[in-house]
Structure formats: structure tokens, C-alpha cells
Amino acid sequence: MDLRRTLPDELLDRMQLGTIEGEVDTSAFKFRAVEDVGKFDFVSVKSNERWILAQVEEVTKKPDGETLAEANIIGYRDKGLTKAPRQVIEPDSIVYEADQELIAETLGLEDAGLGIGNLETNPDIDIFVDESDFYKHFAVLAQTGAGKSYLTGVLTEELLEQEFPILILDPHGEYSSLEIPNPERSEGAKGYDVREFSPNTDVNSEAMPLRFSSVNMEKKELLEVIPDSLTNSQMGVLYNALKRLREKGDDYTLNDIMDAVSQEDSTAKWNLLNSMEQIEESGLFSETPTNLKDLLEPGRATIINLKAVEPEATEMTAYLLAKRLFDLRKRDRVPPFVMLMEEAHNFAPEQGFGKALSSEILRKIASEGRKFGLGIGVVSQRPARIDKNVLSQCNTQFILRVSNPNDIKAISKSFEGVTSEVESMITSLPPGVCFVLGNEYPVMTQVRQRYSKHGGTTQTAEDYEQKITVDCYLPQEDIDTVRQKRDGDYTIAYYPLYHLETDDVEILVDGVEGDVKAERKKPSGLEKQVLEKLRNGLEKSEIVNEIDMTLTKMSSIQESLVEKGLVHEDRFEPKESVLDVDLVERDATEPELIDYKIDEKTARNHLEGAKVRKLRYPYYSSGDSVYDPILNKQL
Ligand SMILES: Nc1ncnc2c1ncn2[C@@H]1O[C@H](COP(=O)(O)OP(=O)(O)OP(=O)(O)O)[C@@H](O)[C@H]1O
């Protein structure tokens, strides 16, 4: 019988793949394939006037050359819903290739939104995710090397295209490459608007410093960041100190609280002060804090680079950012935004896997954030170690390859739609292929190529660049700010200097030319005190009062300071010198260092018996132009 003649027209343009064989039930069938079929291919069968979609689960080739395929029935589309058939398909039915429309309709695929890739089995079918779903939280879960940070980069690009403000907690400093177009793309490469902040700008020298305000900190917040748990008497001391400060009615800082605590009449204050000193030493708080509103700008990714930040400071940063930004969001002071957390198991650990300061606030955001337009993105290679209360609130899940049984269990417990077949498929996904869960059916997706450069590549011996730590004068402006303000592709260069010092004199010698760049005599004890107060903006009369000295003494000190070249002759103001600029340690690469041409011995000729130290002066250069970030001017 000529099968094609007996078929209605609508069937004719679909490719026949084979015929059902053996027993059929409502969930699966087997068919003898006459065309090539592969694992996970979508196929279709007509039953009771409806097209049923199924997916090949296994293909077997028999010794006689016959190919048998097993397919799981997904269902049919009816009134906007995918339904499982209640009647069995007729044995002997013909199995066809499934067309794009049937697949897209039955799987309930979106046809617009964030384009993350294509259906793994059908490259012509693009996979989109509804952008509003990102305020209902999402998770990217995968074992190391499966493509987790690559996919997170793709999601970030798509969110930035939709003008979302995004904040990324980046423990390894791998997301700043979002600003660089992907060099592996022949067309469509693109860099994005990125700002980088870090609590540790010594190591992350390209980042702007991230500092928090300690003005009027509430008791609850203070108790969260104090590293030790307090005794009742310590609580009492803190309570009294805060009460007294509030009664005064003025703004108060962490230092004011410490002063007030030290004035309390209780021995419990000493340990409390000790704990508070640790917060102060973390360097996270400042009188000139980062304006948190600057962290959220539509269409911009703000990266919180936590590379080389101590674990305690990392925790405190995550807690303070989540807490304060959620508060600001609730009061509509910042736009709706998405906060992405790499290594999320460290910020919201599951019980039994440690504690984190940010646990409670992240649970709160997970359950309430969507009401206020704060979506969180949980990215982790250890799903089993993430707080279930947080994980289960993630409405959309992107699961790449995961093979650890505990992690698989955590995934199937937290999310719907993870059948045992999906579980086994997750263990064998190739890199860059993920399941998108959260819709009607888990969709196996080939993640698209990135528009911007992927920064998470494992470092190899060839691309290893040794870092050399140098003592460097602290730039007033960081390189990113200068790049943005002056719209130039500036790179940093460290100019070599020698600092020579005896008990009386200090000089700075140019490490290339060998000449003296700055010189001055050192102030004596009392002169130093006067100079310091002068630098802090005090008037002569105020200094006389504070140090408690006669006017005659003050005049002789002034004379001596003029003679040493430390203050101006015509006005009692300190002379500015590069010798007063603060020093910081910086990690530089070999090409960033300008070579010394003068050796230490030659430099020492300028000042016999001096202690010599190598220092560096930073310059930012772009083509022919050179910018001095200490004097803040173009040279
Ligand atoms: N969709 C993709 N397209 C092309 N290459 C990809 C894709 N996904 C991943 N890769 C490649 O696989 C490598 C590993 O991916 P990625 O860095 O995202 O892994 P990871 O899961 O984040 O691992 P780790 O936990 O070690 O950071 C990448 O360097 C990239 O080259």
C-alpha cells in the first residue's frame, strides 16, 4: 500500500521517521526508525485528530541493522495548556518529525524576551525567557567547568540590553570583562557599561573603593556586623551608649559609638570595644562612604569585586549591600534591580554548611523581593549547600551539568519538573547546554555565544602574568574614572623613584634621569605637631591654644619651618610636596613597570648614609597623552 496516498494533506510535508511497534501506553512508545533519529529529538504522532509531541529517550541499533527508538510522550496543546493524552495512540501509527510550530507551542516556548540560545535539538528554535521573571528570582546551577559563569554572562548581557540595573557580587573578579567585546565573535561583538567597586582597591586597583556609611547605625545592624555574640551586660552597655547618642540629637558615626561605649561605667565595655575595633579595622566604613544609589544605573552592570577580600569583610559587604539596597528599594529611592551572587552558597548557606551574616536578609529578599522589584540571581556549583528557603524561591532555573548526587537531589527537591529522566540527562549535559526550568516543560538549551568577553576562563601557564608588588603614591583618581571622564583607553605606567632618608632630610631621586625631584628637611617633634595641625586646617591661634605654648615659641617654630621649606614664607600654610602623598601597595605586571636606569648606589650619592627605598609614581597614558592622577591633570 502506498502510505503517502492514504494520508491527509496536512501530513504530507512532515518527514516520516518510522512506525510505532509493540505496546503503547499514555506516556511512552517505541518505534522502528527508517530515518536517522537521535537521542532527545522531538517527534510527533497524530492521535484522535490531535498532534502529540514526544521526545526520543533512547535509540538502539540491532545487529540486523534495524533501528529502534523509545520516545516519551510530552503531550498536546489545548486552550493554551499542554495536556497529557488520556487515550493511547494507535499501535502502528506513523511517527513524524516534529515541526517548529508544534514544538514551540507544545513546550509553551516564549517568542520574545531575553534570548539565551536555541533549542539544543533544533538550532532554528530560539529560546527566550520573559524578562519580568527575573524579578521573581532565578538560579544558575552547575558543576565547575560546565559553563555557569558563561551563561550568567549571557543573562547579564540580555538584562543590560533591556536596561536593567544589575549588581554582581563577584568573589573572583571575573565579570569586569563584560565591558570588552568578545574577540572570538566575527560579528555582533559588544562591550557593556560596567562600573567596578571593591573593598580592596590595593589588589583590585581598577575598582573604585566601596565604603559604607556608619552614620546613625541602628542597634540591630550594629549587632549583625559585630563579629562576636554579645553578653547581656555588653548589650546593656551598647544600648546605653546608643541611647545617650540619640538623646543628643546629632548624627553619630562608629567612632562616636566607640567613644560613648568607652565612657560607660562597666567593665563589659572592654570586650565590646575590642569587637567594635574589628569592624573599624575592616576598613568598610568611612566618613566619605560610597553613595549606594550610584551602584544602580539602568543598563549598567556594577561589579562588586571581592577578589582578595577577607572572608569576614566579604560577608559584611554582602550583608550591608543586601540590607541597605533592599531598604532603599522599598522606599523607591533606587530603581528596581537584579542582584546576582556568584558562589551564592557562601552568602546564603544551607543549615549545617556554616553561617553567613547575609543569610537572614537574603531569605527575606527571596520571599518579599519580587513585590518590590528586587530580583536575586543565585549562581552556584554547590546547589546542596544553598539555603533551601532561598533556592526554592527562584522561579526560573538554569541547570547545566551537575553530577554530584546530593546536588541533583537538592535540585529536584527545590524545583518542579525535574523528573528522573531530566535528572539523568542533567548528569550528562555537555558544556554550554542547560535545562531551563520554571516553564511548563524543561527545555534543553544550547546557550548562545557571548557578545562580550568571557572572563572566567581557567588560567593557563601561557596567559599567566606575574604580579609584582610595588610601593606607589596613591592616585587621587582611579584609572576607570579617568577613562570615563576623558574617554580614552588609558593604561597605567609606574615611574621609578628612589626615596632617600636620613634623620634630618628626605629626598626623592628620579630613577631614570638620576636628578633630585623633591627635597626637604624633616620637622622636629614639636614642629611636626604644629605642621599636622596646620594641615588639618587649624589657625595659628588655635594651634597655640591646643599645644599650649607661648606665642614666642610659636614664632620660632614658624621660622624654623620656613627655613626647612615646609611652610610658605609669606603665609603660614604648609607647602605641598609629593613627599606628603600617601603610599599604597599595588600589584603591577612587568609591562606596567618603567625600568630603573640609575642604580641604588648612584642614587645614594645625593645623600650620604641615607636609607634608600624604591617607590613608584603612577601615570595613566593613552596614545600620546599622559595623565597625572596625583596632580589630577593632563601633562
Ligand atoms: N555557551 C557556551 N559557548 C561557548 N563556550 C562556552 C559556553 N559555555 C561555556 N563555554 C566554555 O566553557 C568554559 C567553562 O565555562 P565557565 O567558565 O562558565 O565554567 P564555570 O561553570 O563557571 O566553571 P567555574 O566554576 O570553574 O568558574 C569557558 O571558558 C568557555 O570557554
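Q: In the protein chain, what share of the contacts with a separation of 6 or more comes from residues 24 or more positions apart?
A: That share is 68%. Bear in mind that this is a predicted model.

Q: How many helices and strands are there in the protein chain?
A: The chain has 18 helices and 27 strands.

Q: And what radius of gyration does the chain have, next to a compact globule of 635 residues?
A: The protein chain has 33 Å, whereas such a globule would be near 26 Å. Its C-alpha trace spans about 120 × 60 × 40 Å along the principal axes.

Q: What percentage of the residues is buried?
A: Buried residues are 37% of the 635.

Q: New topic: helices. At what angle do α5 and α6 pack?
A: The angle is about 115°, and the axes are 9 Å apart. Helix α5 covers residues 232-248, and helix α6 covers residues 254-262.

Q: Is that crossing left-handed or right-handed?
A: The crossing of α5 and α6 is right-handed.

Q: Which residues meet there?
A: From α5 they include Val237, Leu238 and Ala241. Among those from α6 are Ile257 and Ala260. The contact divides into 8 nonpolar, no polar and 2 charged residues.

Q: What about α6 and α7: how do they run relative to each other?
A: They are roughly antiparallel. Their axes cross at roughly 165° and come within 10 Å.

Definitions and conventions. Residues numbered from 1 in each chain as written. Predicted model: local features only at pLDDT ≥ 70, side-chain atom pairs only at ≥ 80, totals over all residues. Helix = DSSP H or I, 4+ residues; strand = E, 2+ residues; numbered from the N terminus. Rg over C-alpha atoms; globule rule 2.2 N^0.38 Å. Buried ≥ 20, exposed ≤ 12 C-beta atoms within 10 Å, placed from the backbone. Contact = placed C-beta atoms within 7 Å. Axes fitted to C-alpha atoms, helices over the stretch in contact; angles between N-to-C directions. Left-handed = near helix turned anticlockwise from the far one by under 90°. Nonpolar A, V, L, I, M, F, W, Y, C, P; charged D, E, K, R; others polar. Parallel < 35°, antiparallel > 145°, perpendicular 65-115°, else oblique.
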